[in-house]
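Me: I have not looked at this protein before. Could you take me through it step by step?

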Amino acid sequence: MATPTVVLLPIWGAGHLMSMLDAGKRLLARSGGALSLTVLVMQPPTENDRSEVIGHIRREEASGLDIRFHHLPAVEPPTDCVGVEEFVSRFVELHADHVKAAISALTCPVAAVVLDFFGTTLLDVCRELDVPAYVYFTANAASYALMLRLPALHEEVTADFEDMEGMVYLPGLPPVRPSSLPLPVMDKKNPNYTWFVYHGRRFMEADGVIINTASVLEQSVLAAIADGRCTHGVPPPTVYPVGPVLSLSMSLPVEQPHECVRWLDAQPPASVVLLCFGSAGFSTATQAHETAHGLERSGHRFLWVLRGPPVAGTQEPSDANLRELLPEGFLERTKEKGLVWPRKAPQKEILAHAAVGGFVTHGGWNSILESLWYGVPMVPWPLYAEQHFNAFTLVAYMGPAVAIEVDRKRNNFVDASELEQAVKALMDSDSDDGRKAREKATEMKAACRKAVEEGGSSYSALGRLYEDIRKGALRTSQ
Ligand SMILES: COc1cc(-c2[o+]c3cc(O)cc([O-])c3cc2O[C@@H]2O[C@H](CO)[C@H](O)[C@H](O)[C@H]2O)cc(OC)c1O
Ligand SMILES: O=c1ccn([C@@H]2O[C@H](COP(=O)(O)OP(=O)(O)O)[C@@H](O)[C@H]2O)c(=O)[nH]1
């Protein structure tokens, strides 16, 4: 009999596609050749995303692993969406017939389908084909718990969360200020919110949910989910915390080190604060001026990845024009202490460098996991998506971070003195907050590495996932 295959259906963003693919590769390795991978590739909606995805696929195809990429026919992207969650969810839904045809045409048995968490509409296709369906959740368990809880919370909180009095209570977490909730949860009338509630409800129909976290990072949240405390006592699908899943293969040593790395080579250990804001973060000139003054006044060394506003019609930040964005004379005054990098930077390589002692991050979940993997304490400066909620979990729950005041009502503005204080708190050797964050980050580094080693919690969760997929495959083949 042909090797049973696990069908992956990722969305295109690197944090989604590469994360799911890396988790899939771990499953493949764990199966010892008993499974293969089939990746159904949706043609991404923008040219930029298309070329990024093609680049990833070429690299993977060259790896020689048992992974087949099947390109789905292109669909016409919806044009009347108000935001990302609605767009991505509807775009994925439009692929239902193509996904059904592609899975039906496979000549090998299908052991399971793994859907991105924006793709729960396709659970119907899996049911129709009678194949086990798993969801891959690229964000953290706290965000998953919130989404599971959201359908009930929607009924309980009659006001908009933004206007509600008091705190939001989520099992397993400290009380949450409504202003720390993810962007799509802020406006109940927005279709993005409706899609979040929809996915939260539909997660319950999955055969299992794979989360890119480690149990030690979010112990009480994972316990609350498993006990049904987020779902009114109804047992939710089994959760498999298999992380940190990090695409470290993309950051293997190269012949010629990157300019940022060469600059770091000349800096003392743990002396540099990195500032980097994910795939979509950028600064206006007003914000860049505040950031520059804050960094200069902090007195600390810095590596600042500064991107400019996206070119019209795209979502990709532009390469920064430093003379336009920065205060006059800033680069000259700080040339002994700082590097401003105007393009995408090799974040993982930078975090791995011994000279980096702290990270001001937009708080995307992949960036947080990368920082923990290298034991770097953080200051979360959230910008979009679920990052305000990540910032809350990082500071109030997990602990390897120092807080900063971000004005969410002013486009997440941070003024110079606030940044100066936060950088000092993170980097000063005599700062109590910094010491605590550093200790926690060091502890979590060890815990993350242990989790994925043989016998660790994530290694075992992957083993359970493999066993459950194998059993499900046997059931459907009978
Ligand atoms: C989790 O809640 C939200 C996620 C997103 C979101 O949307 C998105 C759409 C794309 O077309 C490509 C993407 O790469 C992408 C990424 C994304 O969120 C990020 O996902 C990461 C995991 O892969 C990680 O969790 C980061 O923290 C996220 O920022 C958007 C959104 O609202 C705008 C969400 O509420
Ligand atoms: O200049 C940059 C900005 C981002 N990244 C990488 O892009 C990913 C960002 O994912 P995350 O979930 O943190 O945030 P998102 O971009 O999805 O908001 C991480 O792997 C980062 O290492 C990078 O390598 N260089």
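**Backbone, helices and a buried glycine**

Me: Let us start with Ala-270. Is it buried, partly exposed or exposed?
Reply: Ala-270 is partly exposed, because its relative accessible area is 48%. Please note that this is a predicted model.

Me: Where is Ala-270, and what is its phi?
Reply: Ala-270 lies in the loop between α9 and β8. Its phi is positive, about 50 degrees, although Ala-270 is not a glycine. Most residues other than glycine have a negative phi.

Me: And Asp-130, what is its phi?
Reply: The phi of Asp-130 is near 55 degrees, a positive value in a residue other than glycine. Asp-130 sits in the loop between α5 (123-129) and β5 (133-137). Its relative accessibility is 48%, so Asp-130 counts as partly exposed.

Me: While we are on the backbone, which peptide bond is cis?
Reply: The bond from Gly-243 to Pro-244 is cis, and its omega is near 0 degrees. Pro-244 belongs to the loop between β7 and α9 (259-265). Most peptide bonds are trans.

Me: Now the helices. How do α1 and α2 meet?
Reply: The axes of α1 (residues 14-31) and α2 (residues 47-61) come within 11 Å and cross at roughly 20 degrees. That angle makes α1 roughly parallel to α2, because angles under 35 degrees count as roughly parallel. The crossing of α1 and α2 is right-handed.

Me: Which residues of α1 and α2 meet there?
Reply: From α1 come Ala-14, Leu-17, Met-18, Leu-21 and Lys-25, and these meet Glu-52, Val-53, His-56 and Glu-60 of α2. The residues of this contact between α1 and α2 comprise five nonpolar, one polar and three charged.

Me: What about α16 and α17, at what angle do they pack?
Reply: Helix α16 (residues 416-427) packs on helix α17 (residues 432-452) at an angle of about 55 degrees, and their axes are 6 Å apart. This makes α16 oblique to α17. The crossing of α16 and α17 is right-handed.

Me: Which residues make that contact?
Reply: Ala-425, Leu-426 and Met-427 in α16 meet Asp-433, Gly-434 and Arg-438 in α17. By type, the contact of α16 with α17 has three nonpolar, one polar and two charged residues.

Me: On to α8. Which of its residues are buried, and which are exposed?
Reply: In α8 (residues 219-226), Val-221, Leu-222, Ala-224 and Ile-225 are buried. These four lie on the same side of α8, because they cover an arc of only 160 degrees around the axis. On the other side of α8, Gln-219 and Ala-226 are exposed.

Me: What covers the buried residues of α8?
Reply: The cover includes α6 (141-156), β7 (238-241) and α15 (387-398).

Me: And what follows α8?
Reply: Gly-228 follows α8, and its phi is positive, near 80 degrees.

Me: What does Gly-281 touch?
Reply: Leaving aside residues up to four places away in sequence, Gly-281 touches Arg-307, Pro-317, Leu-383 and Tyr-384.

Me: And how far apart are Gly-281 and Leu-106?
Reply: Gly-281 and Leu-106 are 175 residues apart in sequence and 40 Å apart in space, from C-alpha to C-alpha.

Definitions and conventions:
Residues are numbered from 1 along each chain as its sequence is written. Chains are lettered from A and ligands numbered from 1 in the order in which they are written. This is a predicted model: local features need pLDDT of at least 70, side-chain atom pairs count only at pLDDT 80 or more; totals for chains, interfaces and linings use all residues. Side-chain values use heavy atoms; hydrogens and water are left out. Axes are lines fitted to C-alpha atoms, for helices over the stretch in contact, and angles run from 0 to 180 degrees between N-to-C directions. Helices (H or I, at least four residues) and strands (E, at least two) are DSSP runs, numbered from the N terminus. Angles under 35 degrees count as roughly parallel, over 145 as roughly antiparallel, 65 to 115 as roughly perpendicular and the rest as oblique. A crossing is left-handed if the near helix is turned anticlockwise from the far one by less than a right angle, and right-handed if clockwise. Contact means heavy atoms within 4.5 Å. Ala, Val, Leu, Ile, Met, Phe, Trp, Tyr, Cys and Pro count as nonpolar, Asp, Glu, Lys and Arg as charged, and the others, Gly among them, as polar. Buried means under 20% relative accessible area, exposed over 50%, partly exposed in between (1.4 Å probe, protein chains only). The arc is that of the directions from the helix axis to the C-beta atoms.
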